[in-house]
Amino acid sequence: MSAADTTTLLGRSPTSISSWGQLSALTRRGVLNVIKSGEFIFSVVSPLFLAVCFYLPLHRVMERQGIDYAQFLMPIIVLQSVGFAAGTSAMRASMDLGTGIDQRLRVLPINRAIPTLARMATNVGLLTVSIIFASLICLVIGWRPQGGLWGTISLYALALAIGVIVSLLADGIGMMATSPQATSQLTGLPMIILGMCSTGFSTIERFPEWIRPFVRNQPISQLATAMRSLDEGNASWYTIGPTVWWCLGLLALGSLLLTLGIRKANKATR
Amino acid sequence: MTIMIMPAPADAPPEGSLRALISQAVPLIGRQLIVWTREPVTMLQSILMPALSMVMLKVVLGDSIELATGQNSAYRTVPMIVLIGSMFGSMVAGIRLNNERATGLLSRLYVMPISRGADLTARIVSELIRIIITTCVLLAVGSLIGFRFPNGIWTVLPIIAVAFMYAVAFAMMVLAVSVSTRPGVTLVPYLSLLSSVMMFFNTGFVPLEMYPEWLQPIVKYQPMSPAVETMKSLSLGGPVTEHFILVVIWSVVILGLSIYPALRGYHKAASGR
Amino acid sequence: MPEAAGLTPDPADTSAFPGDASADGPHSSMNRVARDGDDDLRARGYAPSTTPNLRARRQPSMSPDPVTTTSRGPTHSRRTVPEEARDTSGAHESGGHNGFSGYSSGGQYGSGYDDDQETLRIPITGPAPRRLSGAVAAAPANPARTVHAAATHTPATPARSAIAIEAVNLHKRFKDTLAVDDVTFSVPAGSIVALLGPNGAGKTTTVNMLCTLLKPDGGTALIHGHDVAEEAPAVRRMISLTGQFAALDEGLTGRENLILFGRLLGLRKDEAKSRGADLLEHFGLVEAADKRVREYSGGMRRRIDIACGLVTSPKVVFLDEPTTGLDPRSRQDVWALVEQLKDAGVTTLLTTQYLEEADMLSDNIVVIDRGRVIAEGTSDELKAATGASYCDVTPEHAADLPRLLAILADLLPPGHRQTGLTVVVPAPDGADTLVEVVRRTSESGLRLSDITMRRPSLDEVFLRLTDPDAAGDSDS
């Protein structure tokens with residue numbers, strides 16, 4: 001082979017590598033994957049599905065109890081889309097591990113934190129889009145922001161914060177779990193149960209006595225209560241406090257899982 | 001070491017005979033049922049998930065619905081979940097068919113000297129058996145959350161019959177769809193989505209009056225609603241005939257539209273590896 | 001009717017393998033094995049073959065029964081056709097005792113039989129008239145002729161039984177694609193044939209037609225004399241298909257799969273169980289027997305797959321890419337199995353992309369490209385037919401390589417690319433090229449470490465045959 005052929009084959013090494021460039025390249029890849037794989041479509045369809053399937057049949061039922069269901073449902077719809085975006089982040093982490101891309105990236109001259117940061121960036125991007133769509137859908141069914149400027153801003157800040165934290169958590173779970181299938185099984189059923197048995201869909205009074213303690217104190221109910229109070233403008237430490245504690249706790253848990261997951265992935269050989 | 005030769009039995013019935021169809025469908029039915037009971041996923045999806053959904057709907061929305069209707073919500077929820085349970089169970093069978101087509105088991109069975117209809121018959125019959133079993137189990141669970149039989153326990157039988165009729169038609173449709181699509185393309189997730197939407201928009205979820213007016217005709221005549229209404233009326237009392245007629249019409253139509261594609265599609269799926 | 005189909009063994013026929021007593025050696029070796037352990041086998045439900053029985057049966061059955069005739073199209077001249085074949089307007093075996101009586105006697109005649117055959121060899125030309133199924137033999141109306149034929153030429157049907165698979169002008173079109181254009185080949189019973197060809201060549205479609213999965217749009221295919229389109233149920237009783245993926249119920253255990261297949265094929269439950277146990281033992285799967293097939297390794301999966309195909313002995317086994325994706329050890333196991341099948345008299349047709357496999361295993365190779373048979377023959381014949389031989393020249397000192405290339409420049413093809421130390425010189429003149437190379441190198445004082453003549457590898461043959469550019473000039 002001639003020297004010219006060799007150069008064509010091997011190329012030339014660059015003189016310096018920009019971390020920022022790497023981060024943006026990986027993020028771009030993540031975003032493109034999300035779009036191509038159709039997750040993007042799901043982020044639109046699932047809040048729509050939720051809103052349509054619960055609002056249309058139930059709003060008259062709830063009116064009998066004096067509840068404006070559109071206002072009532074908004075938090076859970078937003079939370080659901082947040083949860084969905086986070087859930088897919090778990091799948092993404094797991095799949096990167098499964099296909100071996102994670103390992104490949106570790107061999108490249110790339111800072112260890114960058115692939116994770118890139119994944120987080122993708123997640124946040126998807127999250128933002130989901131929240132926007134969820135809000136649009138809520139507006140369509142009749143929700144109106146009632147908390148004033150600050151109330152609405154804090155509402156969305158809270159939603160975004162929850163999203164980031166849950167993404168972190170989910171990413172950690174994804175890296176710890178053995179396979180994408182195991183991941184979705186781990187996260188799927190508990191999410192449904194938690195979601196349904198919360199004050200997201202129904203007021204606490206309508207639940208049987210024996211389950212009320214669970215419903216009242218579980219994180220999703222707390223989040224829904226917090227968001228509603230922000231939305232109505234009567235937020236107080238009483239309504240938001242437990243939520244803040246939950247967020248901090250989940251943040252800690254998420255960071256722990258993520259660290260463990262990265263360490264596990266580093267040890268993994270193929 | 002030589003492979004010992006075992007000749008085919010001399011009394012094996014000719015392929016085209018009824019005796020062949022029956023004698024060969026029996027072990028095939030056996031295999032479907034064994035796998036159904038053995039796989040955790042299928043039992044989960046056929047029985048556990050519907051039972052759980054039944055309980056959750058009662059816990060979360062039961063009170064609200066009772067306030068609005070004055071009736072125990074179980075009389076709506078339980079029939080609805082019985083139907084949903086069969087529907088999702090059929091999807092599992094559809095997925096299994098797709099997988100077996102992909103691995104070539106369908107073709108292999110077709111190359112064996114067995115009746116051409118044996119495997120398909122076995123699938124349908126095992127579906128029927130599954131439907132009856134899950135219906136009975138879910139009705140039992142339902143009685144725990146409030147679905148009782150004030151009109152007499154014998155009403156269980158016509159209730160099971162109605163559920164059976166609906167489920168059979170749906171199962172045949174799923175079979176026709178699974179078998180007619182190109183290998184690799186699976187329509188089962190879309191069917192799954194359709195079933196989920198149907199679950200929210202039938203009179204088993206909330207009474208008809210609760211739906212917006214423009215939706216009410218769709219909800220009223222959707223295949224699930226008449227079946228739910230019939231089952232509810234059979235146990236509680238109320239108009240049965242008008243709903244039952246609709247159930248029969250839907251079942252006959254869906255079954256009629258599905259049988260030929262199912263048969264033809266199966267033949268094509270088995271012949272093309 | 002099963003009897004007319006000629007496949008269900010006559011109850012009076014106690015040979016374990018209808019047709020295993022035919023003229024060929026492999027079958028008689030099977031007889032011998034069976035005889036040794038007769039009682040043991042009988043106890044387990046196998047019907048051992050015993051030659052004395054055959055001899056006893058042969059005498060009375062021969063004369064009244066007209067022997068089977070076969071009509072066939074273009075044949076290889078080496079196959080002999082009995083005189084009865086002339087009577088091909090539609091004569092068929094009558095019901096009752098089937099044509100196997102003919103070649104059940106064949107094995108005993110030895111050379112005398114061949115002499116008889118010599119005088120009766122009749123080349124048949126022209127397209128094969130289609131077999132009319134169900135037509136009862138015209139022979140009973142012509143007893144004199146039949147008796148004569150029976151008396152002088154009783155073992156008349158080895159010709160028919162000797163060809164396991166006969167494909168004649170097979171043609172299949174799918175909507176707008178022509179999958180199989182014109183495929184014709186024959187496979188003698190008890191041999192192994194490999195179907196070779198690039199993807200999309202029509203191998204799978206051809207196999208599907210032979211397995212009765214698809215009806216040919218044109219042409220005929222006969223499996224042991226039975227038309228795949230007209231007598232599909234009879235064909236299915238004789239064949240077994242093993243695809244590329246293990247076509248089994250993944251949710252059942254290996255044992256349960258075997259029992260299922262056994263019961264489907266008509267065995268009683270206890271028979272199926274014992275047969276399953278035997279097969280598990282033979283294939284070394286006893287420990288894994290009660291685990292789900294889903295959990296099997298690739299090699300185990302392949303073994304249980306093949307085992308399920310052998311539950312009731314097929315005469316023709318179709319193996320579609322049997323060793324694709326297997327590790328070398330499992331591949332050796334499969335090859336050993338195929339050899340065992342051959343010893344048992346089973347005909348094997350395998351499709352493969354591994355030329356080495358085709359080379360090693362098969363008695364005959366059929367190369368298919370774009371729906372047509374472009375070459376057929378043994379591995380050696382194919383290599384010889386493509387004409388090219390090669391001369392590998394290796395200089396002793398690596399530094400001499402450029403000089404060597406210069407010396408041989410005019411012998412090398414125009415686009416020659418040199419890799420490594422060995423110069424591959426096409427040798428159209430065979431050994432003369434070698435002599436020429438030696439002359440030149442000794443004249444210029446260039447020392448060689450090695451010079452060899454070799455035939456092309458099967459890879460090279462295959463590439464040449466399926467190369468669109470070479471298609472015109474290579475005579476296959």
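Predicted model: local features only at pLDDT ≥ 70, side-chain atom pairs only at ≥ 80, totals over all residues.
Local features need pLDDT of at least 70 and side-chain atom pairs count only at pLDDT 80 or more, while totals for chains, interfaces and linings use all residues. Residues are numbered from 1 along each chain as its sequence is written, with chains lettered from A and ligands numbered from 1 in the order in which they are written.

Between chains A and B, the contact (C-beta atoms, placed from the backbone, within 7 Å) draws 17 residues from chain A and 18 residues from chain B. On the chain A side, helix H3 (residues 39–63) gives the most, with seven residues; helices (H or I, at least four residues) and strands (E, at least two) are DSSP runs, numbered from the N terminus. That side splits into 12 nonpolar, two polar and three charged residues, where Ala, Val, Leu, Ile, Met, Phe, Trp, Tyr, Cys and Pro count as nonpolar, Asp, Glu, Lys and Arg as charged, and the others, Gly among them, as polar.

Within chain B, the residues where H3(B) meets H9(B) include Tyr75(B) and Leu83(B) from H3(B), and Met224(B) and Lys232(B) from H9(B). By class, this contact has nine nonpolar, one polar and two charged residues.

Over in chain C, 10 of the 12 residues of H12(C) are buried (20 or more other C-beta atoms within 10 Å of a residue's own, all placed from the backbone), so H12(C) is largely enclosed by the rest of the structure. Among the buried ones are Met300(C), Ile304(C) and Cys308(C). Their cover includes strand E6 (239–242), helix H10 (254–264) and helix H13 (328–343) of chain C.

Key
Contact = placed C-beta atoms within 7 Å.
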